[in-house]
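The structure is displayed below.

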Amino acid sequence: MTEAWLEPAAWLIILPLAWASVAFLAGPGRGARLAILALVAQLGLALELAADLTQRGARMHAVGGWGAPLGIDLMADGLSAVMLLLTQAVALPIAVYAQAYFAETHHRHAATWFWPLAGFLLAAMNALFLSADLFNLYVTLELLGLAAVGLVAVGGGTAQITAALRYLLVSLLASGGYLLGVALLYGAYGTVSMTTLAPLAVGQTPLAVWIAAGLMLVGLLAKTALLPFHFWLPPAHGGAPAPVSALLSALVVKASFYLVLRLALGPFAMMTGTAAGLIGVLGASAILWGAWQALRAQRLKQLVAWSTVAQLGYLFLIFPLLAADGLALQAGALQVVAHGLAKAALFAAAGVLMRATGRDTVEGLAGVAGRVPLTLFAFGLAGVSIMGLPPSAGFLAKWLLIDAALKQGQWGWIVVIIVGSLLAAGYIFRVLRQAFLLAPEDSHFQPVPRRLEWVAFVLAAASVLLGLRGAELVALLGVGS
Amino acid sequence: MSTGLLYALSGVGLFMLGAVGVIVLAHLMRKVLAFNVMGSGAFLVLVGLAQRTGQPDPVPQAMVLTGIVVAVAATALALGLARALHARTGGVTLTQGEDGD
């Protein structure tokens, strides 16, 4: 047994809180260096936690020796470990990217706020993945939302502030619904611990619990931008600076999805079972509508943001397919990881392309193939995972999903998955095709720091190569479930 | 009807009032105030429903304290952003500064 003060789960929360606060005091230059060093340590901690869990199974940690109900318990199992690993694995390259991205003088203002907010964002997210009770989850969800809203506004433009405010209001409404749900649950059962609630909420459930489940699920779906609650996402994610968009699209929306999944597997198994068909239909509509909007988007980052709406739809297809064989769950976790890495790569690449052309329209991309070939390659590679072509992790996720649908004879979902992939191919190739056109005479290309290009490439390569290591990921996911 | 249940029902009423306010009202300041009404409603439910045993339960009280801190932070952020929007556009509603796309 490791010493309590060496517990990696606790340090995964303390460390980002600490560097966020120091970065606020020390300014962007030193703050960035500190953040990158700390993120290397965080990635190490997440790996250590994952290795430890595979050997010894899921575990609880009572913070400061104070157990529930008045203290806070941290709980780590396979699903939390996968999410923690993804978070640190995306955050580290994005921090390296952001340091170079914000180095230019006209980004100074944004950089001042980026580092502290990114640290608080990561602390809230790590805490969310490790929380064992519904109220603590509310607090982490709210902290995550506030940090994310701050990051959207970091650029300081009018459109960004409008998007941030709209995002904040949706986020507050959603977490308000979640909190009321928690209050009703506490009133009904006198506990908010997920492990204690799970056996209570089966069989004869009072009406208040059904209302609570409805409020909490709707709130969380709104935070995950599932159709018809997706309207806040494209302006917020598409308008923010590239490193912020990458963090938000790759990680933040996954946090509320993780919570839906936790509830569906635990206390609300019965309620989500009833609503699963509806959630699946909403997911399917999100896949089609998001991809359609991405095909029509004029601006590059809007295109990538709409692609997020579509890819999040796949995550909700798993609810009608959740079964004892665990196939759909594995598909969901793989899709979270694959999309996380690929979308971070797409936004990183989009940031480079916009800087190279000085414009953010898809049309303005003509000729970039010759200027930033590595970035374009990264965009295509990440696109492979988004479309779901082998051997990428995105392929593995969609394949498992199709497999799960076949096993249960639910053919309709398979059509949606395939049509969604074709539409995804449409919007990815739309960008690539434009990039290979000849540049117009009057175009000026700006030089881009090599580091930005390499980060996009590394993230994209990871999302493809992870497909070859799917078995390890699935094994880790199985710990403690 | 017990006092606790009365508190809880008023809490649900306040919550719905606030939620409708956040959605329907145009002025940002009113939206922020409505959010606070909504939050208070949820807190009232939390404390009210837990009083059924006749003895005060410390756990929901600790939760409400935490929730108030979170609500204050959210309010401050919303006001800060609203001020920033007002400084840039002179408007106090979300329809100004709209970007079209």
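**Chain A as a whole**

The model is predicted. Chain A contains 19 helices and two strands. Its C-alpha trace extends over about 70 × 55 × 40 Å along the principal axes. For 481 residues, a compact globule would have a radius of gyration near 23 Å, and the 21 Å found for chain A agrees with this. Of the 481 residues in chain A, 63% are buried. Among contacts in chain A with a separation of 6 or more, 81% join residues 24 or more positions apart.

**A helix pair in chain A**

Helix 13 of chain A (residues 327–357) packs against helix 15 of chain A (residues 373–387) at an angle of about 150 degrees, and their axes lie 9 Å apart. Because an angle over 145 degrees counts as roughly antiparallel, helix 13 and helix 15 of chain A are described as roughly antiparallel to each other. The crossing of helix 13 of chain A past helix 15 of chain A is left-handed. The residues that form this contact are listed by helix in the table.

| Helix of chain A | Residues in the contact |
|---|---|
| Helix 13 | A:A338, A:A342, A:A345, A:L346, A:A349, A:V352, A:L353 |
| Helix 15 | A:T375, A:A378, A:F379, A:A382, A:S385, A:I386 |

Sorted by class, the contact between helix 13 and helix 15 of chain A comprises 11 nonpolar and two polar residues, with no charged residues.

**The interface between chains A and B**

In the interface, 35 residues of chain B are in contact with 31 residues of chain A. On the side of chain B that touches chain A, the elements giving two or more residues are helix 1 (3–24), helix 2 (28–49) and helix 3 (58–89) of chain B. Helix 3 of chain B supplies the largest share of that side, with 17 residues. By class, the residues on the side of chain B that touches chain A are 25 nonpolar, five polar and five charged.

**A residue of chain B**

B:L5 lies in helix 1 of chain B. Is B:L5 buried, partly exposed or exposed? It has 14 other C-beta atoms within 10 Å and is therefore partly exposed. B:L5 and B:V45 are 40 residues apart along the chain, and their C-alpha atoms are separated by 8.4 Å.

Conventions: Residues numbered from 1 in each chain as written. Chains lettered and ligands numbered in written order. Predicted model: local features only at pLDDT ≥ 70, side-chain atom pairs only at ≥ 80, totals over all residues. Axes fitted to C-alpha atoms, helices over the stretch in contact; angles between N-to-C directions. Helix = DSSP H or I, 4+ residues; strand = E, 2+ residues; numbered from the N terminus. Parallel < 35°, antiparallel > 145°, perpendicular 65-115°, else oblique. Left-handed = near helix turned anticlockwise from the far one by under 90°. Contact = placed C-beta atoms within 7 Å. Nonpolar A, V, L, I, M, F, W, Y, C, P; charged D, E, K, R; others polar. Buried ≥ 20, exposed ≤ 12 C-beta atoms within 10 Å, placed from the backbone. Rg over C-alpha atoms; globule rule 2.2 N^0.38 Å.
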